[in-house]
Amino acid sequence: MAALAQAFARTDRPAFVPFLVAGYPTPEATVELALALEEAGADVLELGVPYSDPLADGPVIQTAAAAALARGMTVAGVFELLVQMRRAGLTLPVVLLAYANTVLQKGERAFVDRLRASGGDGLIVPDLPHEEAGELRAAAAAAEVALVPLVAPTSRGRIARIVTEATGFVYAVSSLGVTGERDALHPDLRAFLADVRAASPVPVAVGFGLHRREQVRAVAPFVDGVIVGSALVRLVMEREDDLASPARRGEALAAVRRFVANLLN
Amino acid sequence: MYRYPDERGKFGRFGGRYVPETLMQALEELDEARRTILPDPAFRRELHELLTTYVGRPTPLTYAERLSEAVGGARIFLKREDLTHTGAHKINNALGQGLLAKRMGKRRLVAETGAGQHGVATATVAARLGLSCTVYMGEVDTRRQRLNVFRMRLLGAEVVPVTAGSRTLKDAVNEAIRDWVAHVDDTHYLLGSVVGPHPYPALVRDLQRIIGDEAKAQLREATGRLPNVVVACVGGGSNAMGIFTAFLEDDGVALVGVEAAGKGLDTDAHAATLTKGRPGVLHGMYTYLIQDDDGNVQEVHSISAGLDYPGVGPEHAFLKETGRATYVAVTDAEALEAVKLLARTEGILPALESAHAVAEAVRRAREMDKDAIVLVCLSGRGDKDVETIHHHLGGDL
């Protein structure tokens, strides 16, 4: 958890948290993408465990997850990917995003222990609200894995309760709906982020819908980190064939690095 | 006293709320509305008035005399939900939730549908109450039930075919929840069964228990006693919870839920969640699921689009574990035989869903004394399934 705290401590800009679907388009390409993102300036990597019924995700991430599952990605395979990333030299903290049933089927304790042993730093479970997360919180604390909660603009009276027990960081959902690029952010976003930040003992990162440099700049003064998922996964999807081919991968990775540079500068 | 769910929405270890944080506030508001608006006398009057003058309640209880004689065992009684407006029990819940949504100031309904009965019921209620309506339906189901798609559109609803995942009911639920997450301010998600996050399983059960309450009173009047067995089909399980609830504290009454065994329990082509599944999380609830070792939810099969759901209402999971109800499975072929039998002995074409319950009722009645009573929830009529039935039986008639 110290690594996560450090990742959010930068003062020049909010920490950049890109999201990848593990195993998409291939396991090898996921490792290469992670390394390219770190090189391009990513501070934390969010890695999605593909799941059959990803309720919180929009069509882009859902499609990528379905493709990864169809190509044989498993939970054990995701942990193995994490090990390979560390072996390949990835140093930034990695937070896994897994749906509740994925974690429950492996057992809360076994899941976080395995995550820690594979080199992971944190866990986000987007369909496990605060009230149902008690056992996982205890297991994560014992394994020294951060359990990152989500808060939404509709959370209102729930914010204080949720963030008080956060470890690692708080994931603030910028708008209603599922993940996916949006042009308009929630009208009360600034006030909402201020409320979350005031109540939270840990850094606050904002995500859902962010995909343009202007949006990152607009939220930068109010947050400690920005999470970019669908826009990046869409880019990966557009370059799927190149990324899956070792010979053509280099150019596609360069495009990913350009995307990040454009987003951050 | 049977008092479930608890304040966290749990039936024992089942139920609860496993949803994105964005929905938590909306679920708390809905639960508040359930607890304050539903018992309100003015609300009850309005609901009762519409159930009587619009839906056609109380539905009759029919003594299936020729069926009972043909079977040669217990007396079989049918609770005739097939005779409601729109042709299935789904209308009881749709009307109740529609009125509730209107009281909550919502202007739009979203719903999922499998066989189309819940979609038709929701579209009907939206038209009657002046609300706009979007129905999500798996693309596979829109083809299997194209007449119901047309009916919904005729009623003014927008029908959205879902092409994600297995393109059936499970994926329609995902899409309806996603729509609700994005439009939670002005939209009510009118969930069609005793599934989903708390308070839906309790809300839908409470709106459907009128089936059991009526049947119990009608059977007492007709026979002076309670049934030995109550049989109902279980996909999500709302008609079953509706009829079971009235008998939960009558220990002498056996409760039997009938799932879809599809092409057989020894194949992968079934939807027998309680019989073959194990506990996990889907659509916001902890319940039995058909899933793989990693927790990915699997495709299921039934000849009946209304039964091929890989989950089941959490209260059924609880009743199974406590032993208060038992759950069995009936194959596609057995359900088709039951359609023929009921059609020829009683002049009633049951929905394929309901035919599963009829098949099990016949199996049980055969083993019982002539003075025993089997009560069957005939949850819907078979008009919507005639094409499917023709496809499977056309050459055999």
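A salt bridge is a side-chain nitrogen of Lys or Arg within 4 Å of a carboxyl oxygen of Asp or Glu. By this rule, 7 salt bridges cross the interface of chain B and chain A. The model shown in these views is predicted.

**Figure 1. The interface between chain B and chain A.** Contacts join 36 residues of chain B to 35 residues of chain A. The two chains bury about 2800 Å² between them, and carbon and sulfur atoms give 48% of this area. On the side of chain B, Glu21(B), Arg178(B) and Asp294(B) lose the most area to chain A, together 26% of what that side buries.

**Figure 2. Polar and charged pairing across the interface.** One salt bridge joins the side chains of Asp294(B) and Lys106(A), with an N to O distance of 2.8 Å. Between chain B and chain A, 25 residue pairs are in polar contact, with both residues at pLDDT 80 or more. Four elements of chain B, namely α1 (24–36), α8 (169–182), β11 (278–282) and β12 (285–289), each supply at least two residues of the side that touches chain A. The largest share of that side, 7 residues, comes from α8(B). By residue class, the side of chain B that touches chain A divides into 15 nonpolar, 8 polar and 13 charged residues.

**Figure 3. The open sheet of chain A.** Strands of a sheet pair through backbone hydrogen bonds, either parallel or antiparallel. In chain A, an open sheet of 9 strands shows parallel pairing, in the order β5-β4-β3-β2-β1-β9-β8-β7-β6. The edges are taken by β5 (146–147) and β6 (150–151) of chain A; each has a single partner strand, so one side of each is left without a neighbour in the sheet. Strand β1 (residues 15–21) of chain A runs parallel to strand β2 (residues 45–48) of chain A, and 3 bridges join the two. Within this pairing, Phe19(A) has Glu46(A) in β2(A) as its bridge partner.

**Figure 4. A salt bridge between distant parts of chain A.** Over all chains, the structure holds 53 salt bridges. In one of them, the side chains of Glu240(A) and Arg71(A) meet at 2.5 Å, N to O. The pair links distant parts of the chain, 169 residues apart: Glu240(A) lies in helix α12 (residues 240–244) of chain A, whereas Arg71(A) lies in the loop between α3 (59–70) and α4 (75–87) of chain A. Arg71(A) has a relative accessible area of 45% and is therefore partly exposed, as values between 20% and 50% fall in that class.

**Figure 5. A buried salt bridge between two loops of chain B.** The side chains of Glu81(B) and Arg57(B) meet in a salt bridge at 2.8 Å, N to O. Glu81(B) belongs to the loop between β4 (75–80) and α4 (90–103) of chain B, and Arg57(B), 24 residues apart from it, to the loop between α2 (41–55) and β3 (61–63) of chain B. Both Glu81(B) and Arg57(B) are buried.

Figure 6. The closest N and O atoms of the salt bridge between Arg364(B) and Glu360(B) are 2.7 Å apart. The two residues both lie in helix α15 (residues 352–366) of chain B, 4 residues apart, about one turn of the helix. Arg364(B) is partly exposed, with a relative accessible area of 25%, whereas Glu360(B) is buried, with a relative accessible area of 3%. Elsewhere in the chain, a network of salt bridges links Asp31(B), Glu32(B), Arg34(B), Arg35(B), Arg205(B), Asp206(B) and Glu315(B).

**Figure 7. The surroundings of Ser193(B).** Ser193(B) is found in the loop between β8 (187–189) and α9 (200–208) of chain B. With a relative accessible area of 8%, Ser193(B) is buried. The side chain of Ser193(B) reaches the backbone nitrogen of Ser238(B) at 3.4 Å. Apart from neighbours within four places in sequence, Ser193(B) is in contact with Lys90(B), Val204(B), Gly236(B), Gly237(B) and Ser238(B).

**Figure 8. The surroundings of Val253(B).** Val253(B) sits in the loop between α11 (238–244) and β10 (254–262) of chain B. This residue, Val253(B), is buried, with a relative accessible area of 2%. Not counting residues up to four places away in sequence, Val253(B) touches Leu226(B), Pro227(B), Asn228(B), Val230(B), Phe247(B) and Arg324(B). The C-alpha atoms of Val253(B) and Glu112(B) are separated by 33 Å, and the two residues are 141 residues apart along the chain.

Note on methods: Residues are numbered from 1 along each chain as its sequence is written. Chains are lettered from A and ligands numbered from 1 in the order in which they are written. This is a predicted model: local features need pLDDT of at least 70, side-chain atom pairs count only at pLDDT 80 or more; totals for chains, interfaces and linings use all residues. Side-chain values use heavy atoms; hydrogens and water are left out. Contact means heavy atoms within 4.5 Å. Buried area is the accessible area (1.4 Å probe) that two parts lose on being put together, summed over both. A polar contact is a pair of N or O atoms within 3.5 Å; within protein, one must be able to donate a hydrogen and the other to accept it, and residues adjacent in sequence count only if both atoms are side-chain atoms. Ala, Val, Leu, Ile, Met, Phe, Trp, Tyr, Cys and Pro count as nonpolar, Asp, Glu, Lys and Arg as charged, and the others, Gly among them, as polar. Buried means under 20% relative accessible area, exposed over 50%, partly exposed in between (1.4 Å probe, protein chains only). Two strands pair if DSSP finds at least two bridges between them.
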